[in-house]
Amino acid sequence: MLSRRSLIKTTLGAGTALGTAALLPAWARSAEQGNLGLPTLTGTQFDLTIDQFPVRLDGRAGLATGINGTLPGPLVRFREGDDITINVTNNLEEDTSIHWHGLLVPFYMDGVPGVAFPGIKPGETFTYRWNLNHSGTYWYHSHSGLQEQLGHYGPLIIDPKSPDPFAYDREYVLVLSDWSFESPHRIFSKLKKMSDSYNYNQRTLPDFLADASDKGLGAALDQRMMWGAMRMSPRDLSDVTGATYTYLINGHATADNWNAIFQPGEKIRLRIINASAMTLFNFRIPGLPMKVVAADGLNLQPVETDEFQIGVAETYDVIVAPETSDTFAMVAESIDRSGQAVATLAPRAGMQASAPALRPVPTLTMADMGMAGHGDMNMSASEDMTGMDHSAMGHGTNAQTSTMDHGAHSMDGGPAPEITRGPGVANVAMMPMSRLDEPGIGLDDQPHRTLSYSQLRSKDANPDLRLPEREIELHLTSNMERYMWSFDGVKFSEVTEPIKFYEGERVRLTMINDTMMPHPIHLHGMFFDLVNGGGHHKPRKHTVIVKPGEKLSIDITANHVGDWAFHCHLLYHMHAGMMQVVSVIGADDAPMHRQMDHDGMDHGDMGKAPPPEPQIGDDMMGHGHGEHDGMTHGEKS
Amino acid sequence: MRKLSKTLLLAMAATLAITPAFAEEDDGTSPPWSQADEYYGREAMSKARADVQHEAGGQTNWFVMADRFETQIFDDEEALVFDAQGWYGGDINKLWVKAEAEYSFEDEDLEDAEIQALWSRAIAPYFDVQAGLRYDLEPKGRTHAVLGVQGLAPYWFEVDAAAFVSTEGDVTARLEAEYELLLTQRLILQPRLEASLSAQDIPDLQLGSGLTSVDAGLRLRYEIVREFAPYIGVEWQSAIGDTADFIEASGGEKDQTALLVGVRTWF
């Protein structure tokens with residue numbers, strides 16, 4: 001006999017399922033609602049409408065702002081080389097915009113209000129047009145206000161002219177995101193009032209006592225005093241957490257169970273997009289190894305792993321090949337372990353994998369403060385590195401050298417003289433170091449394989465093999481207590497000069513993270529080569545996580561003239577000021593500007609960097625990993 | 001002394017009168033970037049440019065918090081204490097308002113009440129300097145110039161130190177420090193210490209020179225949500241030195257201990 005309670009539950013459950021299905025585009029529906037994998041439909045013209053509309057998530061009603069009435073928005077899929085027209089109509093009472101994340105569109109089609117175009121006014125239709133010659137998994141989202149948090153995002157696939165160099169039988173898109181029933185403006189204002197409002201993972205008195213009994217009272221006290229002296233929290237992992245977020249996969253909370261089907265023996269391509277406002281996820285499918293075949297849209301030399309951390313706005317394409325008729329959980333766990341979204345991959349529609357328990361909350365170390373090379377540097381990456389003999393060898397010693405270099409450096413002129421010090425800068429990393437071979441906060445001690453940036457190798461040789469002509473150093477700066485975020489201590493609201501690149505030049509941008517948080521940094525309009533020891537096959541990305549206390553370099557060929565947004569992709573960090581504009585100045589205008597820039601630059605353009613001739617080993621910059629471009633120049637790897 | 005304090009008062013009032021610079025830089029100079037102007041026109045772009053910059057770091061915010069809103073239960077009397085503050089402004093400059101009041105249920109009378117309006121400027125990552133005026137509603141109608149420092153000291157001590165110069169020429173000071181000990185993620189024990197000082201005897205107010213009083217409290221709150229936390233606690237209030245003598249002479253107690261029941265809330 002049905003009890004009244006279970007009857008209600010069933011009815012509600014059915015309602016939720018129906019409601020969810022009706023409000024979702026085909027690609028984001030569950031298997032039992034007919035999604036058996038993505039159709040390869042392509043088009044050349046798309047009409048998108050921005051509205052407010054009701055959604056039902058985790059059994060609760062909310063109001064979203066999004067595209068074509070669904071959360072996430074429709075899949076925009078077209079073919080490389082086609083002329084594309086996209087009409088975007090704004091039905092909101094405020095301005096909106098769509099930015100095509102990772103697409104190399106002309107800058108005035110990039111969709112950033114105030115930088116690339118004026119924005120789309122209420123009632124207006126804006127037409128985006130372009131023709132692209134790259135392919136892969138991307139996404140699109142609002143670049144206006146805090147709309148992204150409200151559901152204004154969707155996936156985008158560009159099908160390649162010639163087939164991808166890997167085979168698969170079925171494909172799905174997994175859009176990971178974070179949803180709150182609180183208004184994003186309220187979230188931001190709470191962070192400004194009390195920046196740890198959402199952190200329920202703080203160290204408590206019982207934690208301290210447990211430490212004391214483990215390590216002795218002296219050691220536990222030392223540690224507490226060390227963090228206390230800095231006025232920082234070793235549990236400052238995420239600003240906005242599961243305390244307000246419901247984590248979603250394809251618009252489904254764990255309870256809504258997004259599920260996909262497979263036949264044993266099939267190869268399935270998962271296109272994983274982190275469309276969150278604030279959440280870095282750890283993604284894994286327990287029991288199923290993943291072959292990573294693309295990052296940020298571009299193909300990689302396949303590398304097999306069991307788990308990876310995906311920054312906001314990054315994408316990874318993986319291929320999984322379940323041999324048995326098991327039910328697999330696809331788990332996107334927030335970096336601070338305050339919540340997760342779990343979807344199901346199963347042989348039959350409607351099945352639900354059991355969600356694994358959340359793992360213990362990680363605790364930050366001295367390395368995350370940029371204060372020590374002896375933190376918990378994970379040297380294991382060298383074992384995982386495929387075919388990269390030159391960077392694997394002697395890699396430990398390089399890391400040490402770099403630490404010492406920086407130590408010496410900071411003794412000269414004090415650390416980071418180019419930063420504008422003030423109330424907005426609470427800390428400057430004294431000894432930043434490369435952390436490319438670490439998989440990310442909380443993943444170093446897993447019993448299975450974890451992916452790190454040092455493992456990534458581009459499938460194709462990098463298109464520009466020149467060494468950078470100059471280096472720009474940029475600090476990622478913050479004061480968590482005041483919730484201020486900036487580059488070089490200057491908020492976007494205070495910026496008077498953009499970062500300037502000149503058409504045709506090869507620039508190295510070196511970022512030093514002075515904050516306690518990982519920042520997914522996104523440069524619009526250009527792929528950059530991540531200097532990770534990959535020789536001529538460095539991974540090319542549009543977004544890169546810079547870990548706490550890390551010093552990381554990217555090489556950029558400035559061949560895409562225009563004004564481009566450059567920012568931390570954590571929405572509230574950007575909103576607080578962690579943004580800049582990169583102006584790529586056309587060759588015609590360059591000489592004059594260039595002259596000017598050398599006189600009065602204030603953007604951490606180091607000036608001292610440009611060697612007249614490329615020199616041997618650009619690891620003179622002291623990146624932990626030998627970046628041996630100089631030595632392998634001209635050599636095919 | 002009186003002259004000095006008047007000068008001080010004037011200086012502080014003048015500082016207060018300077019409108020904090022919340023405004024954006026004007027559009028008279030050439031814009032920092034402008035390549036899209038060619039496609040969409042200068043006018044449309046400059047508006048959008050000002051907006052996007054303002055939206056990323058230039059906003060103003062506000063905050064209101066009743067840190068202590070409590071009944072103090074003594075052996076023979078009960079009092080209602082209200083201690084709140086709030087601010088409005090940007091990251092650097094804020095208008096900061098503080099209010100404190102104590103109401104006695106026995107006497108059905110407001111015993112102490114004051115309000116401060118301060119300009120608060122962030123001068124370091126963890127500290128603001130605050131200057132402005134304090135007006136005493138009870139007792140009497142003294143007005144004070146205020147100069148203080150508020151912020152977060154190393155080891156997570158919230159501190160607020162201020163000096164007051166009254167229109168009568170009296171110089172006094174107050175020092176508050178709070179610490180938060182997390183027993184769990186929501187159950188928080190807060191020791192709080194408040195010390196008052198006076199540079200001179202002020203017989204009207206029963207204050208002797210030197211350290212005048214020390215209040216030491218312990219509050220245990222439960223954050224149902226971060227913004228709303230009921231608490232219980234205990235506070236030991238002690239008058240010191242000549243101040244104690246003044247109080248005892250008038251038949252009061254120099255030491256008393258109160259049980260506290262209250263709520264801490266913020267918006």
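Of the 637 residues in chain A, 64% count as buried. Keep in mind that this is a predicted model. Chain A has 10 helices and 30 strands. Among its contacts with a separation of 6 or more, 78% come from residues 24 or more positions apart. Here's a tour of some of the details, in both chains.

- Strand β20 (residues 470–479) of chain A is mostly covered, with 10 of its 10 residues buried.
- Both faces of β20(A) are covered. On one side sit A:Arg470, A:Ile472, A:Leu474, A:Leu476 and A:Ser478, and on the other A:Glu471, A:Glu473, A:His475, A:Thr477 and A:Asn479.
- β20(A) runs parallel to strand β23 (residues 506–513) of chain A, and seven bridges join the two. Within that pairing, A:Leu474 has A:Met511 in β23(A) as its bridge partner.
- With β21(A) the sense is antiparallel, and four bridges do the joining. Here A:Thr477 stands opposite A:Ser486.
- β20(A) and β21(A) make a hairpin with four residues between the strands, and A:Tyr483 in that hairpin takes a positive phi near 50°.

**A five-stranded open sheet in chain A**

- Five strands of chain A line up as β11-β19-β18-β13-β16, forming an open sheet with mixed pairing.
- At the edges are β11 (259–261) and β16 (307–310) of chain A, each of which pairs on one side only.
- Ignoring direction, neighbouring strands in this sheet are turned by 20° against each other on average.
- β11(A) pairs with strand β19 (residues 340–346) of chain A in the parallel sense, over three bridges. A:Leu345 in β19(A) is the bridge partner of A:Ala260.

**Helix α2 of chain A**

- Eight of the 10 residues of helix α2 (residues 184–193) of chain A are buried, so the helix is largely enclosed by the rest of the structure.
- The buried set is A:Pro184, A:Ile187, A:Phe188, A:Ser189, A:Lys190, A:Leu191, A:Lys192 and A:Lys193. Note the lysines in there: A:Lys190, A:Lys192 and A:Lys193 are among the buried residues.

**Helix α3 of chain B**

- Helix α3 (residues 42–55) of chain B has 14 residues and reaches 20 Å from its first C-alpha to its last, close to the 20 Å expected at 1.5 Å a residue.
- Its buried residues are B:Met45, B:Ser46, B:Ala48, B:Arg49, B:Val52 and B:Gln53.
- The cover over those residues includes β30 (579–585) of chain A as well as α2 (37–40) of chain B.
- After α3(B) comes B:Gly57, with a positive phi near 115°.

**Rings and charges**

- A search of the whole structure turns up 35 aromatic pairs over all chains.
- One of them is A:Phe107 with A:Trp564: the ring centres are 6.3 Å apart and the planes lie at 70°, so this pair is edge-to-face.
- A:Phe107 lies in the loop between β5 (99–101) and β6 (125–131) of chain A, while A:Trp564 is in strand β29 (residues 562–568) of chain A, so the pair ties together parts that are 457 residues apart in sequence.
- A:Phe107 counts as buried at 5% relative accessibility, and A:Trp564 counts as buried at 0%.
- In chain B, B:Trp87 and B:Trp96 form a tilted pair, 6.5 Å centre to centre with 45° between the planes. B:Trp87 counts as buried at 10% relative accessibility, and B:Trp96 does at 11%.
- The charged end of B:Arg226 sits over the ring of A:Tyr200, 3.8 Å from its centre. Within chain A, the charged end of A:Arg224 sits over the ring of A:Phe208 at 5.7 Å from the centre.

**B:Arg134**

- B:Arg134 lies in strand β5 (residues 127–138) of chain B and counts as buried at 9% relative accessibility.
- Leaving aside neighbours within four places in sequence, B:Arg134 has contacts that include B:Glu114, B:Gln116, B:His144, B:Phe164 and B:Arg174.
- B:Arg134 and B:Phe164 are 30 residues apart along the chain, and their C-alpha atoms are separated by 8.0 Å.

Definitions and conventions. Residues numbered from 1 in each chain as written. Chains lettered and ligands numbered in written order. Predicted model: local features only at pLDDT ≥ 70, side-chain atom pairs only at ≥ 80, totals over all residues. Heavy atoms only, no water. Phe/Tyr/Trp six-rings, centres within 6.5 Å; stacked < 30°, edge-to-face > 60°. Buried < 20%, exposed > 50% of the residue type's maximum accessible area, 1.4 Å probe, protein only. Lys NZ or Arg CZ within 6 Å of the ring centre and 35° of its normal. Expected span 1.5 Å × (residues − 1). Contact = heavy atoms within 4.5 Å. Pairing = 2+ DSSP bridges. Axes fitted to C-alpha atoms, helices over the stretch in contact; angles between N-to-C directions.
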